[in-house]
Amino acid sequence: MPQQQIQLTVNGDDHTVTVDPSTPLLYVLRNELGLNGPKYGCGLQQCGSCRVLVDGEARATCQLPVSAVEDQPITTLAGLSGEDGGLHPVQAAVVDEQAAQCGYCVNGVIITAVALLSDTPDPDRAEITDGMNEVLCRCGTHARFVRAIQSAADAVDA
Amino acid sequence: MSDDAPKRDASESSLSRRIFLKSAGTVAVGFSLLPGCQRTDGETEEDPDADPARSSDLPPSLAQHPRIDAWLQVLGDGRLRVYTGKMELGQGIRVAIAQVAAEELHTSPDRMEVHLAETGVTPNERYTSASVSIEHSATSVRHASATARRILKAQAAQQFGASPDDVDVDDGTLSTGDQSATFAEVLGGEQITETVTAPADLRPTDEREWVGEPVQRKDIERMVRGDEVYVQDLQFEGMVHARVVRPPGYGASLENVDVQTVQNEIDGVEQVVQNGSFLAVVADGEHQALQAQQALRENAQWSEPSSLPADTPLEEHIRDLPSETESVVDDGSAGEGERVSASFFRPYVMHGSLGPSCAVGHYDGDRLRIWTHSQGVYPLRDTLTELVDLPPEKIEVKGVPGSGCYGHNGADDVAADVALLAMEIPNRHVRLQWEREDEHGWEPYGSAMLMDVEARLGDDGTIQNWQFDVWSDTHSTRPGGDPGNLLAGRYVEDASELTSRGYLAGGYRNSIPYYELPSRRVDAHFFDGPLRVSALRGLGAHANVFAIESMMGELADRADADPVAFRRRHLEDPRAVAVLDAVAESAQNVTVGTDEGLGYGFARYKNSASYCAVAAKVQAQGDDVTVTHLWGAIDAGEIINPDGLRNQLEGGMIQSTSWMLNEEVQFDETHVTSREWGSYPILRFEEVPVVEATVLDRPDEPSLGAGEAAQGPATGAVGNAIARATGTRVRSLPVRSS
Ligand code: FES
Ligand code: FES
């Protein structure tokens, strides 16, 4: 497809990119906008690595044409922290719990957890594992992620 | 990206490279990639998964690279740069290295910047494997740092006109009375070039500040911010994107490809590269590379690939393959008692890295640079020389973390692919991101294995005799200087000949039980299996320990004994007993309902590294089981970082549970059919048990490798728990086999 100009709102900033409109959002975020949060994991919407928040909802970007999200607010991992660089409570909890081995899944975990907590601010373990079930982690860091999400929920509550 | 490391004299590296080639030049592959390829039977003595043998009292890496500045450099701004020849694989090696350097230099780990494996810059420590990074690399850094402290004190004493005993070291500063100077000031811009010739006096246990503390990893904050962390994240001015078009199966070769159509139809195609049956495309954008890859697939004709044995159950196929036998131990077949026997099977298991392998290459017409998450930058460089026809001094390989690999995944292969492409497109950075199906379908898997066990249980409730036969393919086909071990090396015009069978001995890792048994016979039978294989976390230990621990559970039942008491009866080593007792204590007050079961597993990894015991609780639901709890205990000698150790143990137990419940690489006649997560499901959040990890510290014992210790015990424990919950013993993995 020929290239077109597409308007995107990412992490509160407006961008105009000139790309083939069928390009998956993932590649536009990473390669055009230099945002390394979303990761390529499967390209098949199976693993969650590439997720971002689109209008507050956690969505896979590996098959999502960039043209489909024009003018919708997109938040990536980098956009979760405050203007002053302060970490979002979920990001902070992942650091505090040292919840990562290789960390390749961390993007999908945090993005999904942020969406989960906005729907279910005080989840129990079953609600967390249910909400996180679409995100894969190969290192087996799940137990730490569950702890981190619980403590982020507590921190927001407090 | 920042790349300000000073280039250093690589003469040490060249020297060790010569030694390396002499000893490892014949390590090769064991998968039947090309029809009619003959393998020789020449097995090398060397373990490519371990560092070279000790030649002195020093850690082997330090004995080979004794100059202090090979490990440690003092920077002008108060920081220290610590060099390791190992890679960060998610095991947190950087913080452990920073902690030991900090300890011996009496200086905060915040001042330590750890530089990961890079040819010509860091010591050549070969592979980051076999859980020896702490034993070898961290211990080398530790002795180099302790020696550096002594030298710094002596130099400062001279400058201060004092006695070295009166010089204090505190956080990068040396002082006595009212005089003080930083490390850099004392050195006057020089580095410490002395060599370490003997083990240094380490800081006494009771004075330790950093070792044994849960110091946080610095990289996790970068991960949660989405900063540049992985090789996948590297961006360079003018970088182009590549994709490879794989053959339909191992044995297929490219007959014809219509390059013109692809170049005409797809925008942004820089070049289609064809070299023999190696086919790839380089395009300006990543999406364009994907589109061109698809177009190439549609416009390429391949020969019929060779046929894989899809009709016979793999277990039977393996048993029927020709094999060579090696005796592992034989101290007799005597022993009276009840005969108990069983066969166990593990299918091919994949590493399944969450992020498919990736590499960046750049050739400036003279030198080739490769950015890679390979576990062995020096061996990779030495293997690339032949593939791209450049001398080693013209190739630089820099380690950059990737997605967790758990052994030898596609990292080296993608680096070789990108090396070929970079050579075709000089002066551009070429990035190659493997697709999910490249990784799933082409990585070298952990070998399928078959274990026959026969034991004699005496009237006194102890084992009188133990007979064990294991069938396995090789467990390492790392590059090792042989381009035939790199995928691309097998498909290019001058495809490489195979020279040996790789590391066979991995097949009998942990095949000898750690239990005290009056007489034992263990034989290993090596076959040449249908799929490409190499080192997967634990090598043969996973399947061997699964078989041994399942049998121990069964024998305990036959002897009417408590499973923990039965194991203790056969253990003399108090450290083994201690880990077993630790999990038994964690699990002792757990209520076990109907349809539930508790099971145990134990092993000492390699029979010489960490001790690990696991208790598992499962719940049976109809035809399925849920693992609800796992308790693990580990003794890894002196603990550098207890939180890092706990993290490895938790992750190892969960991954092992995933392997044993779900995982099986499937194939049809043409090729592997497990090409995405739908056909190769791994454990998900909802299925993950609650895990508890206990770490036993032994401050006066040497640190032992820990990263692979849980794989066997966890599978053993879950299997035994399933037997308790369902009344059916697990003999064949995965539990949820179709
Ligand atoms: S990369 Fe998009 S879900 Fe896996
Ligand atoms: S931490 Fe490695 S994939 Fe989750």
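1. Contact, as the word is used in this note, means heavy atoms within 4.5 Å. The structure is a predicted model, in which local features need pLDDT of at least 70 and side-chain atom pairs count only at pLDDT 80 or more, while totals for chains, interfaces and linings use all residues. Residues are numbered from 1 along each chain as its sequence is written, chains are lettered from A in the order in which they are written, and side-chain values use heavy atoms, with hydrogens and water left out.

2. In chain A, A:V90, A:Q91 and A:V94 of helix α2 meet A:I110, A:A113, A:V114 and A:L117 of helix α3; helices here are DSSP runs of H or I with at least four residues, and strands are runs of E with at least two, numbered from the N terminus. The residues of this contact divide into 6 nonpolar, 1 polar and no charged, where Ala, Val, Leu, Ile, Met, Phe, Trp, Tyr, Cys and Pro count as nonpolar, Asp, Glu, Lys and Arg as charged, and the others, Gly among them, as polar.

3. Two packed helices are described by the angle between their axes and the distance between the axes. Helix α2 (residues 89-96) and helix α3 (residues 106-119) of chain A pack at about 125°, with their axes 9 Å apart, the axes being lines fitted to C-alpha atoms over the stretch in contact and the angles running from 0 to 180 degrees between N-to-C directions.

4. On the side of α5(A) the contact is made by A:H142, A:A143, A:R144 and A:R147, and on the side of α17(B) by B:D643, B:R646, B:N647, B:E650 and B:I654. These residues divide into 2 nonpolar, 2 polar and 5 charged.

5. Helix α1 (residues 25-32) of chain A is mostly covered, with 6 of its 8 residues buried, where buried means under 20% relative accessible area, exposed over 50% and partly exposed in between, for a 1.4 Å probe and protein chains only. The buried residues are A:L25, A:L26, A:Y27, A:V28, A:L29 and A:R30. After α1(A) comes A:G34, whose phi is positive, near 65°.

6. A:T129, in helix α4 (residues 125-131) of chain A, is buried, with a relative accessible area of 5%. Leaving aside neighbours within four places in sequence, A:T129 is in contact with A:V146, B:F685 and B:E686.

7. B:V377 lies in helix α10 (residues 377-388) of chain B and, at 2% relative accessibility, counts as buried. Its C-alpha atom is 9.0 Å from that of B:D412, although B:V377 and B:D412 are 35 residues apart in sequence.

8. Over all chains the structure holds 10 aromatic pairs; rings of Phe, Tyr and Trp (its six-membered ring) pair if their centres lie within 6.5 Å, and planes under 30 degrees apart count as stacked, over 60 as edge-to-face and the rest as tilted. One of the pairs, B:Y508 with B:F526, is tilted, at 6.3 Å centre to centre and 45° between the planes. B:Y508 lies in the loop between α13 (487-491) and β20 (520-526) of chain B and B:F526 in strand β20, so the pair ties together parts that are 18 residues apart in sequence. Both B:Y508 and B:F526 are buried.
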